[in-house]
Amino acid sequence: MASLPQALPEPRETGRVERPAPPPIARVRRRRRPSGEPPPLPRQLRASGRWWLGLSALVLLACLAVVVTGTIRYVDVADTRVLQAIASTRTPALTAVAEVAGVLAGAKALHAIWLADLVLLAAFRRWRHLLVWLGVGLLVVNVGTAMTVTLQRPRPFEVAVLGDWSGFAMPSLPVTVLAALLVSTLYSLVPPGRKRTIGKWVVCGLLVVTAASRLYLAQDHPTGVLAGVVLGVATPLAAFRLLTPNAVHPVRYTRARPAHLDVSGERGAAIVRALQDQLGLVATDVSPFGLAGSGGSTPLRITVKAHDPQGEEESHVFGKLYAATHVRSDRWYKLGRTLLYGRLEDEQPFHSVRRLVQYEDYVLRVLCDGGLPVPQPLGIVEITPEREYLLVTEFISGAREAGEAEVDDAVIDQGLAIVRRLWEIGMAHRDIKPANLLVRDGTLHLIDSAFAEVRPSPWRQAVDLANMMLVLALRTDAERVYRRARLQFSDEEIAEAFAATRGLTMPSQLRRMIRQQGRDLQEEFLALLPFRLPPVRIQRWTWRRAGLTVVTLAAAGIAAYVSAGLLGSPL
């Protein structure tokens with residue numbers, strides 16, 4: 001073990017940290033909003049969606065009417081006349097072209113499209129779109145099958161059927177499924193805008209070509225094809241516009257994390273309007289900030305108007321945008337942790353995004369009252385009720401992350417004093433990493449209290465100490481940090497910290513930066529300790545973990561069975 005100096009300086013006292021007040025921010029009169037006011041990001045069907053839904057309802061009513069009144073025979077006669085007229089134009093060359101043109105409605109082609117969509121949506125981790133896509137497929141196939149069995153309409157008569165067919169003919173089940181798959185593919189894989197507009201015309205062309213082929217080959221009635229297209233287009237169109245609106249769940253192909261929401265367009269305008277209405281802040285710009293270090297929210301730098309006697313007209317505040325998607329991701333993340341490691345003390349999911357943002361605001365105020373160098377909270381802004389909220393705090397301008405800033409003994413002492421103060425007030429940060437430690441003018445600031453815990457166990461507090469020492473050693477060395485740590489912590493406390501810390505408890509950014517440096521910082525600290533404690537055992541098998549494992553496996557099996565059944569459904 002490396003030798004340590006015998007005489008150590010006196011430790012610093014911990015307590016309230018004095019820091020300058022945030023820059024003055026101009027506030028205007030807030031608008032009193034009625035409780036029934038529509039949200040700024042509504043789920044809109046738009047005119048085309050309402051038109052398709054109305055048309056599908058009309059088709060269903062028409063089918064019901066012809067069955068009840070017995071007028072189906074007149075529809076059969078009209079369809080037969082149309083098919084006979086088309087059949088009179090048949091030639092060997094046109095028949096060959098029609099057989100190729102209708103290949104998309106074949107069982108093999110539909111299964112290939114189904115599998116391709118499934119693989120692509122899973123590969124891009126577009127889970128919400130995947131769930132809607134599965135629901136649309138199940139609904140369309142079951143409704144279409146129920147209609148064919150109820151109506152029991154035979155295939156066209158008095159005209160030769162040249163292609164393959166099976167089952168009843170109203171609506172055309174292959175055309176219904178093809179339309180649903182194409183529209184679902186369009187809304188789940190093609191970004192909105194010009195590309196999606198082009199895609200709509202492509203889908204329209206494919207449906208027209210397929211329908212013309214099936215009518216030429218007399219595989220379907222004209223009214224059956226029409227009903228199939230209406231049902232196949234209206235269902236996914238309404239489902240994706242209502243459940244995955246572009247403003248909330250955009251389709252995009254970037255390296256950005258799914259947690260990072262687009263703050264341009266409608267959402268950006270909604271944030272600006274809500275800041276003025278609810279906090280009286282006049283925002284002039286909203287832009288993402290520090291996305292690399294955030295995986296569970298969308299961090300924003302918001303430029304606002306300020307009262308400054310020296311002539312400055314603008315200032316900045318910091319915002320963390322939370323959406324319902326973050327709450328769902330948190331639930332899945334904690335479920336996965338429970339399945340892998342058992343029930344940890346802090347793995348309780350939030351049940352709403354409102355609760356999540358309220359908790360972080362409360363914890364931030366507790367830390368602020370405890371004298372810790374954290375950003376001053378400025379309030380919560382509701383963007384869309386129960387769906388999106390913005391936590392607004394002081395913006396620490398001119399600061400650098402601890403993984404990039406210069407770290408001297410004063411900064412090391414401040415970081416260790418932060419952990420000691422957290423222990424004293426009964427708190428644990430739980431996410432100490434370079435991105436959450438900012439250095440400005442030699443002062444260390446602690447940010448992002450989303451994972452902070454009130455009254456944690458000694459194990460969780462020990463993890464905070466080890467992670468803080470590892471972060472500080474990234475820009476210095478283990479011996480220097482350990483020497484400063486002994487001024488505020490005993491050797492036993494430091495040994496407990498590194499006995500509690502392993503890959504699971506270290507933030508991913510910290511693990512990545514240690515690997516990039518090619519150092520084993522944890523082993524370096526262990527080599528400096530006068531003694532080692534056995535590693536703290538994290539794995540816990542409980543009845544809850546066993547039950548969740550069984551339920552998860554059963555749900556996966558049911559999902560696979562339903563998908564296989566839908567994939568193999570007769571067309």
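Tutor: Let's start with pLDDT, which is the predictor's confidence in each residue, from 0 to 100. This is a predicted model, so local features need pLDDT of at least 70 and side-chain atom pairs count only at pLDDT 80 or more, while totals for chains, interfaces and linings use all residues. Residues are numbered from 1 along each chain as its sequence is written, and side-chain values use heavy atoms, with hydrogens and water left out.

Student: What makes helix H12 stand out from helix H1 in confidence?

Tutor: Helices here are DSSP runs of H or I with at least four residues, numbered from the N terminus. Confidence is highest in helix H12 (residues 409-424), at a mean of 92, and lowest in helix H1 (residues 46-69), at 65. The protein averages a pLDDT of 80.

Student: Where does pLDDT stay under 50?

Tutor: Over residues 1-13, for which the model has 19 contacts (heavy atoms within 4.5 Å) beyond four places in sequence.

Student: Why is Phe124 called partly exposed?

Tutor: Buried means under 20% relative accessible area and exposed over 50%, with partly exposed in between, using a 1.4 Å probe and protein chains only. Phe124 has 41% relative accessibility, so Phe124 counts as partly exposed. Phe124 sits in the loop between helix H4 (107-123) and helix H5 (127-151).

Student: How much of the protein is buried?

Tutor: Buried residues account for 48% of the 571 residues.

Student: And how many helices and strands are there?

Tutor: The protein has 18 helices and ten strands, a strand being a DSSP run of E with at least two residues.
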